[in-house]
Amino acid sequence: MDLTAKFFNSRGFQVNLMKTKVVVFKRGRQSSKEKFTLSNVLVEKVKAYTYLGVLFSSNGQFASQAVESVQKGTAATGAIFSRVKKPYAFDIDVTKRLLDSLIHSTSLYAAGIWALNHSEALEKVQQNFLKRTLKLPNNTPRYFVRLETETPHTKEKICSLALGLWKRILSAPEDSLLKSAYLELRHSANGATDSKYNWYLQLQQILRETNLLHIRHEVNGKLERPNSKKFKK
């Protein structure tokens, strides 16, 4: 709250406190005794809040957001096939464009922020679309579909989005709210053992799995794209 107040005050912004809420990210039950103020005004505390289309829940794991995104991706798939009234010749290039522009754009919206721990759930959306397109049974192995269509695991897409976000954070001004929040997050990762509660730890874990951990020292340099071979299986 202090960082937020400092950021807005330094730029002469006035916060609309009627629309401002506080979500406390913590394990277990929330305490009713916790009070938060901004500019000496009490701010309402809630268990979840949707900001710019992303549902932030107090447990910090984004499971509810993942469920919503899977539902949206599934709905987008249904909308596409409801418009296809007649059989058509399969074209892998057209299929991939539809996957990226209509399915991923809904199910992976802002996924670099919240989806690092939910790639398997989101992979179901991609698999559903490809299997329906290829007229394959639901029990067709996922790796087979990816190999035949040369489509990487959804985890690669999510990781690429997260790396893009990380690059933006690292290049942000030191006094920006974005950089300040990131430094607090990184500081809280020191000594932490459970990555599911910390975006920075989740990103480092993926970089370790893909042999890209060395880029964590990059600040303004180019961040490489993940090695797609690591996500084929």
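This is a predicted model: local features need pLDDT of at least 70, side-chain atom pairs count only at pLDDT 80 or more; totals for chains, interfaces and linings use all residues.
Select residues 48-51, which form strand 5, together with residues 54-57, which form strand 6. These two strands pair in the antiparallel sense, and four bridges join them. To find one of these bridges, pick Tyr51 and look across to strand 6, where Val54 is its bridge partner. The hairpin has two residues between its strands, and in it Leu52 takes a positive phi near 50°.

Tyr49, which lies in strand 5, is partly exposed because its relative accessible area is 31%, a value between the limits of 20% and 50%.

Select Lys135 in the loop between helix 5 (119-134) and helix 6 (142-149), where its phi is near 60°, a positive value in a residue other than glycine. Lys135 counts as exposed because its relative accessible area is 67%, and exposed means over 50%. Move on to Glu150, in the loop between helix 6 and helix 7 (154-170), which is not a glycine either but has a positive phi of about 55°. Glu150 is also exposed, with a relative accessible area of 58%.

Now select residues 154-170, the range of helix 7. This helix has 17 residues and reaches 25 Å from its first C-alpha to its last, which is close to the 24 Å expected at 1.5 Å a residue. Colour its buried residues, among them Ile158, Cys159, Leu163, Leu165, Trp166 and Ile169. Which helices do the buried residues of helix 7 pack against? They pack against helix 4 (111-114), helix 5, helix 8 (177-189) and helix 9 (199-209).

**Last stop: Leu165.** Zoom in on Leu165, which has its place in helix 7 and is one of the buried residues there. If you leave aside its neighbours within four places in sequence, Leu165 is in contact with Gly112, Ile113 and Trp199. Draw a distance from the C-alpha of Leu165 to that of Gly112, and you will find 6.7 Å between these two residues, although they are 53 residues apart in sequence.

Technical notes:
Residues are numbered from 1 along each chain as its sequence is written. Side-chain values use heavy atoms; hydrogens and water are left out. Buried means under 20% relative accessible area, exposed over 50%, partly exposed in between (1.4 Å probe, protein chains only). The expected span of a helix is 1.5 Å times one less than its number of residues. Contact means heavy atoms within 4.5 Å. Two strands pair if DSSP finds at least two bridges between them.
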